[in-house]
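Please look at the sequence and the three-dimensional model below before reading on.

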Amino acid sequence: MTDSAVPQKRFLHTAIPGPRSAELHKRKLAAVSPGVSVSLPVYIERAGGGILVDVDGNQLIDFGSGIAVTTVGNAAPRVVARVQQQVAEFTHTCFMINPYLGYLEVCEALNELTPGDFEKRSALFNSGAEAVENAVKIARHYTGRQAVVAFDHAYHGRTNLAMALTAKNMPYKHRFGPFASEIYRVPMAYPFRWPTGPDNCAEECFANFVELVHAQVGEENTAAVLLEPIQGEGGFIVPAPGFVKRVADWCAEQGILFIADEIQTGFCRTGNWFACEFEDVTPDLITTAKGIAGGLPLSGVTGRAEVMDAIHASGLGGTYGGNPVACAAALGAIETMRAENLANRARQLEALFLPRLRRLAEQYPQIGDVRGRGAMLAIELVAGADDKTPNAALAGRVNAACHAQGLVTLTAGTYGNVFRFLPPLSIGDELVLEGLDILDQAFASAV
Ligand SMILES: Cc1ncc(COP(=O)(O)O)c(C=O)c1O
């Protein structure tokens with residue numbers, strides 16, 4: 001649990017949002033593009049452990065971690081100490097001009113922590129989308145091939161190539177085309193929605209994948225297959241057991257690079273350093289971001305040395321990639337994950353959440369599926385026991401009821417009907433249990 005300076009108690013003394021948040025939100029509407037919308041207009045002043053403190057003095061329980069970013073908690077002490085020291089020493093040189101130690105140490109940590117017992121290299125960037133773009137650049141350059149295969153329900157970011165790789169139209173792609181070419185989409189092994197049932201899912205979906213890539217793309221044209229080992233924005237879809245391994249093994253046979261997008265699943269979130277470890281899969285390239293740096297913008301691509309070494313000098317980089325302050329934060333975050341065994345904490349959180357979510361599912365036939373790993377869990381809401389029609393309206397009502405009680409929850413999913421849980425791993429058990437009580441009440445009022 002956390003040693004945050006913020007008292008670990010939920011406390012509401014205004015309606016949510018409170019009057020000062022409402023004031024600020026008026027300014028937001030006047031100053032900020034509406035394209036950058038806000039799901040809970042409660043303005044935050046401080047945060048730590050499992051609590052967000054708003055400008056009205058309300059204390060909210062955080063089940064979202066700013067979308068899987070503050071894995072070590074907000075303002076985690078080791079992150080704060082390293083960032084403060086770094087910001088006072090120097091803030092930027094551009095690693096491509098004058099390098100510095102922090103960048104090397106983050107790359108060394110990535111090379112050590114990511115799956116694969118072989119020589120690796122890393123390169124650092126700013127955002128998840130940028131890491132994905134660079135992984136694709138590297139794969140195309142190394143293989144001399146152009147096609148990239150991505151999956152239904154995938155989310156890989158909002159830049160042009162990342163949008164092309166992302167599956168969902170609204171809100172991510174709608175009227176933002178044309179998109180980057182040579183992207184091909186194949187079905188995901190989504191057990192809950194597999195037409196012939198979850199038991200057939202891995203095998204049938206894999207056969208489908210092989211057939212589609214062969215017939216529509218050509219193995220010899222395919223640079224990479226890009227996959228989230230648990231799909232994030234698409235609805236916390238855990239691929240049917242064995243599917244990911246079959247895909248990765250097949251890629252290896254075809255000289256196709258297997259890229260794992262661990263931007264949301266990485267850094268202890270799922271109960272291991274990386275979610276691929278559950279699949280017994282070693283990616284050729286792996287993208288990381290979010291949880292890597294305790295809230296500062298940093299991302300990475302890590303891969304086999306022979307792949308990464310194929311890129312010519314100055315082929316990769318960017319002004320800010322691997323900024324020294326972000327690297328200092330990452331070193332503080334990784335140190336925290338090691339010292340506090342946060343992968344284990346994610347498993348403890350799973351053990352707290354899952355029985356309660358399953359109990360809720362027994363009570364409400366509108367909960368069609370309970371799934372996820374570690375502190376990346378979800379429930380999928382449907383019309384009823386025998387009707388899997390996505391129930392986004394109920395997800396929205398439950399979400400609003402949680403927010404009103406000071407529990408910050410998030411939804412997800414291609415159909416907007418998935419309720420997802422991503423608490424910071426610094427949250428204490430009492431707050432989790434209190435949050436789950438609020439969820440119970442939210443269902444009781446919203447169903
Ligand atoms: C799996 C995955 N890939 C890529 C991204 C894009 O990351 P960013 O928002 O930092 O560009 C995200 C963000 O949610 C993600 O979950």
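What follows is a guided reading of the model, one region at a time.

This is a predicted model, in which local features need pLDDT of at least 70 and side-chain atom pairs count only at pLDDT 80 or more, while totals for chains, interfaces and linings use all residues. Residues are numbered from 1 along each chain as its sequence is written, and side-chain values use heavy atoms, with hydrogens and water left out.

Polar contacts are pairs of N or O atoms within 3.5 Å. In one of them, a polar side-chain atom of Asp 261 is 2.7 Å from a nitrogen atom of the ligand. An oxygen atom of the ligand lies 2.7 Å from a backbone N or O atom of Gly 128, and a polar side-chain atom of Lys 290 lies 3.1 Å from an oxygen atom of the ligand. Taken alone, the ligand exposes 390 Å², of which the protein buries 82%; these areas come from the Shrake-Rupley method with a 1.4 Å probe.

The empty spaces come next. Rolling a probe the size of a water molecule over the atoms shows where empty space is left. On a 1 Å grid over the protein atoms alone, a cavity is a set of points where a 1.4 Å probe fits but cannot get out, and a pocket is an open set with protein on both sides within 12 Å along at least five of seven lines; lining residues have an atom within 4 Å of a point. Grid points are joined across faces, edges and corners, and a volume is the space filled by probe spheres set on the points.

The structure contains four cavities of 30 Å³ or more, and the largest cavity holds about 40 Å³ of space. Of its 19 lining residues, Tyr 103, Ser 122, Ala 123, Ser 314 and Leu 316 are the closest to its centre. Strand β4 (residues 120-125) gives the most to this lining, with five residues; strands (E, at least two residues) and helices (H or I, at least four) are DSSP runs, numbered from the N terminus.

How are the strands arranged in the open sheet? Four strands form it in the order β1-β2-β3-β14, with mixed pairing; two strands pair if DSSP finds at least two bridges between them. The edge strands, β1 (44-48) and β14 (407-408), each pair on one side only. Strands β2 and β3 run antiparallel and are joined by three bridges, with Ile 61 as the bridge partner of Ile 51. Elsewhere, a hairpin joins β12 to β13 through two residues.

The backbone deserves a final look. Most residues other than glycine have a negative phi, and most peptide bonds are trans. The peptide bond from Ile 16 to Pro 17 is cis, with omega near -5°, and that from Met 170 to Pro 171 is cis, with omega near 10°. Phe 236 has a positive phi near 50°.

Definitions and conventions. Polar contact = N/O pair within 3.5 Å; in protein donor to acceptor, adjacent residues only side chain to side chain.
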